[in-house]
Amino acid sequence: MSQGSRVRGVFRPAISIGAAVWIALAIASFAPRVHLGIIEVLFLLAPWIVVPLGADLVRGGRASKSSAVRDCVLFTAASLTTVSFFLDNQTAAAWFASSWLLVCAGFAGDGVRRFVISGRSSFTQFCFAAGEGYLLVAAAWLVASRAGLQPLAFREPIVLLTAVHFHFAGFASAVLAGLADEAFVGHRGHRILRPALLAVVLGPGILGLAFLLGPKVKLVAALLIALGQFGLAGGMVRVGMATQNSGGRWLLLVAGASVAAGMILAGAWAIGEYPLQAFVNIRQMAEFHGTLNAVGFVLSGLLGWTMVNAKQPA
């Protein structure tokens with residue numbers, strides 16, 4: 001099983017600072033005067049930890065003169081975006097959140113470059129390019145949420161949840177799919193795994209479009225994502241079992257296990273949507289499926305892969 005020599009260091013200072021800030025925000029959300037709900041807390045996990053981690057993995061963690069600049073830009077945008085959740089003035093909140101839109105536009109531009117250069121010949125690079133493209137969609141919905149807009153007649157919390165969806169199920173899952181594809185190059189199970197990874201990458205976009213087409217299409221799209229995620233989870237578990245890094249192993253195993261419970265909830269929601277008698281309401285989905293997917297699957301998976309790859313020889 002091939003393992004690329006991608007990330008040379010674990011938990012750089014910028015990642016550690018982002019983690020400390022997010023943990024502080026999560027704890028503060030329990031205070032009565034802090035108006036951060038579970039959806040807001042889960043969203044903020046993306047700019048503070050998930051996107052910086054994913055960006056390191058996509059770029060191979062190579063230290064360069066631009067790394068410090070990138071860290072500074074990400075920190076500034078994450079800070080301004082966080083402030084936007086505490087502003088009552090929606091116009092001001094949208095302007096503050098627009099800093100994250102600019103950052104994500106930069107990622108999307110890099111995704112286009114990546115696809116043109118190697119994405120058509122490398123499935124791994126295609127996954128990374130698609131993930132970076134999803135960030136632009138995610139940030140656009142964030143700005144709409146902070147501005148109090150109702151795009152396509154959708155209201156809160158759907159607008160903010162769409163931003164969450166494209167950060168985690170879109171960007172982060174596509175990055176994990178690309179890493180899994182890279183790890184299994186030359187392995188006999190590679191051809192079997194790739195269709196599942198393709199479902200992981202395309203599924204979030206199809207699900208987003210399905211909201212415009214009705215519950216039947218949403219059911220199909222959600223089940224497509226679930227099947228793809230199960231395949232991705234299986235690949236991550238195999239990588240975890242094969243690595244000698246015990247911390248990375250356990251994180252990848254936790255990520256794989258989290259998929260099962262999270263996707264069962266997603267399936268229950270989608271099936272309930274079809275007869276229009278939801279078994280799980282949107283708030284429960286955010287609390288249980290959202291937490292399992294964001295923390296259990298995405299965060300554990302990205303951290304686990306960072307630790308595993310840090311031990312790989314140059």
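Buried residues account for 54% of the 314 residues in the protein chain, where buried means under 20% relative accessible area, exposed over 50%, and partly exposed in between, with a 1.4 Å probe and protein chains only. This is a predicted model: local features need pLDDT of at least 70, side-chain atom pairs count only at pLDDT 80 or more, and totals for chains, interfaces and linings use all residues. Residues are numbered from 1 along each chain as its sequence is written, and side-chain values use heavy atoms, with hydrogens and water left out.

**Overall architecture**

- The protein chain has 10 helices and zero strands. Helices (H or I, at least four residues) and strands (E, at least two) are DSSP runs, numbered from the N terminus.
- Read from the N terminus, the order of elements is α-α-α-α-α-α-α-α-α-α.
- Contacts (heavy atoms within 4.5 Å) are counted here between residues at least 6 apart in sequence; 76% of them join residues at least 24 apart.
- The protein chain exposes about 14000 Å², and carbon and sulfur atoms supply 68% of that area. Accessible areas come from the Shrake-Rupley method with a 1.4 Å probe; for residues, only the protein chains shown count as cover.

**Helix packing: terms**

- Two packed helices are described by the angle between their axes and the distance between the axes.
- Axes are lines fitted to C-alpha atoms, for helices over the stretch in contact, and angles run from 0 to 180 degrees between N-to-C directions.
- Angles under 35 degrees count as roughly parallel, over 145 as roughly antiparallel, 65 to 115 as roughly perpendicular, and the rest as oblique.
- A crossing is left-handed if the near helix is turned anticlockwise from the far one by less than a right angle, and right-handed if clockwise.
- For residue classes, Ala, Val, Leu, Ile, Met, Phe, Trp, Tyr, Cys and Pro count as nonpolar, Asp, Glu, Lys and Arg as charged, and the others, Gly among them, as polar.

**H2 with H6**

- The axes of helix H2 (residues 38-59) and H6 come within 10 Å and cross at roughly 25°. That makes H2 roughly parallel to H6.
- The crossing of H2 and H6 is left-handed. By class, this contact of H2 with H6 has 19 nonpolar, two polar and one charged residues.
- On the H2 side, the residues that meet H6 include Ile39, Glu40, Phe43, Val50 and Gly54. On the H6 side, the residues that meet H2 include Leu160, His167, Phe168, Phe171 and Leu179.

**H4 with H5**

- The axes of helix H4 (residues 90-119) and H5 come within 7 Å, crossing at roughly 165°. H4 and H5 are therefore roughly antiparallel to each other.
- H4 passes H5 in a left-handed crossing. By class, the contact of H4 with H5 has 19 nonpolar, seven polar and four charged residues.

**H5 with H7**

- The axes of H5 and helix H7 (residues 190-210) come within 10 Å and cross at roughly 15°. H5 and H7 are therefore roughly parallel to each other.
- The crossing of H5 and H7 is left-handed.
- Phe123, Phe126, Cys127, Ala130 and Tyr134 in H5 meet residues of H7, among them Arg194, Leu197, Val201, Pro204 and Gly205. By class, the contact of H5 with H7 has 10 nonpolar, one polar and one charged residues.

**Loop between H5 and H6**

- Most residues other than glycine have a negative phi, and most peptide bonds are trans.
- Leu152 sits in the loop between H5 and H6. Leu152 has a positive phi of about 55° although it is not a glycine. Leu152 is exposed, at 57% relative accessibility.
- Ala153 is found in the loop between H5 and H6. Ala153 has a positive phi of about 70°, and it is not a glycine. Ala153 is exposed, with a relative accessible area of 63%.
- The peptide bond from Glu156 to Pro157 is cis, with omega near 5°. Pro157 lies in the loop between helix H5 (123-146) and H6.

**Individual residues**

- Ser173 lies in helix H6 (residues 158-183). Ser173 is buried, with a relative accessible area of 0%.
- Not counting residues up to four places away in sequence, Ser173 touches Phe168, Val200, Gln229, Leu232 and Phe297.
- Asp88 is placed in the loop between helix H3 (65-84) and H4. Asp88 is exposed, with a relative accessible area of 78%.
- The C-alpha atoms of Asp88 and Arg146 are separated by 9.5 Å, and the two residues are 58 residues apart along the chain.
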